[in-house]
Amino acid sequence: MATYNFDQLVERKNTNSIKWEYYQDYIPTAPPDALPLWVADMDFLCAEPIVQALRNRVDCQIFGYSNFRTPEYFGAVTGWFKRRFDWVVDNNNIFYSPGVVTAIAVLINILTKPGEGILIQRPVYYPFTNKIEANDRLVVNNPLTYDDGRYSINFIDLEQKIAHHNTKGMILCSPHNPVGLVFSVDELLRMVEICSRHGKWIIADEIHADLIRNGVTHYPLEKIAPHYKEQIISCTSPSKTFNMPGLKISNIIINNPVWQEAWNHLAAECLAISLANPLSIKAVEAAYNEGEEWLAQLKNYIDQNIEFAAAYLGENLPEAHLVYPDGTYLLWIDLNAYCSDQQVLEQLMHDEAKLILDQGYFFGEEGKGFERINAACPRSILEECLSRMTKALLTFNKA
Ligand SMILES: Cc1ncc(COP(=O)(O)O)c(C=O)c1O
């Protein structure tokens, strides 16, 4: 059994990396040569079985139009769901999208008309907002409650807002990016119960499902609410789990025959989103069939990174509050005690600390005074990031 070395520093220059090389295209105010811990991809080598499967496929030296709808592919995907979550998924209900965000954009167009509302729970992964607004739909915000350093769902507000005739459904981020919540069965069933009472659908973005702390359980929404599964669309992908988001492949589970037809029409016929690339097909099969050991070791490392960050902040930046994540590899840190002006905070991170992080306000105004750090990196990089952040904030507070 291989032992993976997640401490290894991996050179990411000359790989077209948006995280390391092209971040200024996305964050124009960011300085050059800064340390990037923003977008959610990992600074770890991909698992060897995946790399080997890609090598084998490259050795075929031909990359024609490719069909993913094979017993091997479906076996790998459904086998993973069954083994990891005891979730039985029918092959016929699996639809291809190059990414979860693409799928969400398509689904917004299938499930709503311009001007209609979609509920999200901010602070939340900002493409939810972007895709709703870019498609001329309305964001209906059900902000998470932040109380005593912990987040929870405001069910009363959720019910009031989902009940509105113009709100057609909700996009649930489960596990939740950036706050790291992994929802309990009770919480999930309560959301389903409220949506079902008002006849609203739920898109469950479960892309972070595999990246939860040891000892924590993620429950696929559809699995725990089989009675409502025709109104639930689950967005899944091995891309975050196995650090292959650039391979652009995701599996969207649609159980409702009307929406399946609508997907085939809009995604496949109108937009020609139907054929996966041959490398990504083989990468998914290898990841789900042979990636378990790598993932186990990765999860241990990330758990330790999070422990490390918690201890570091406790010792060096005691007024910072790390919202301890049960899921994701993202650190959501409340820095309001040191700097509550988001512009100043961003400037401090860029110009003093030379760090590229996701600013809290990207996720909605609820994120003001927070920074999101991607902790899926060698510990030495994480330590350097925390040290630069600490120095910048302490110097600012002394001045
Ligand atoms: C909640 C969530 N959904 C979707 C994505 C991106 O998915 P994709 O690359 O498949 O579009 C991310 C990436 O950070 C994410 O955090």
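A cavity here is a set of points, on a 1 Å grid over the protein atoms alone, where a 1.4 Å probe fits but cannot get out. Its volume is the space filled by probe spheres set on the points, which are joined across faces, edges and corners. This is a predicted model, in which local features need pLDDT of at least 70 and side-chain atom pairs pLDDT 80 or more, while totals for chains, interfaces and linings use all residues. Residues are numbered from 1 along each chain, and side-chain values use heavy atoms, without hydrogens and water.

**The cavity.** The whole structure has one cavity of 30 Å³ or more, and the largest cavity holds about 80 Å³ of space.

**The ligand.** The residues surrounding the ligand (a heavy atom within 4 Å) include Ala40, Tyr125, Cys173 and Asp205.

| Residue | Part with the N or O atom | Distance |
|---|---|---|
| Val100 | backbone | 2.7 Å |
| His208 | side chain | 2.8 Å |
| Lys240 | side chain | 3.1 Å |

The protein covers 92% of the 400 Å² of accessible area (Shrake-Rupley method, 1.4 Å probe) that the ligand has on its own.

**The sheet.** Four strands (DSSP runs of E, at least two residues) form an open antiparallel sheet in the order β11-β12-β15-β14. β11 (321-323) and β14 (358-359) are at the edges with a single partner strand each, so one side of each has no neighbour in the sheet. Pairing takes at least two DSSP bridges; three join β11 to β12, and Val323 has Trp332 as its bridge partner in β12.

Note on methods:
1 Å grid on protein atoms, 1.4 Å probe; cavity = no way out; pocket = protein on both sides within 12 Å on 5 of 7 lines; lining within 4 Å. Polar contact = N/O pair within 3.5 Å; in protein donor to acceptor, adjacent residues only side chain to side chain.
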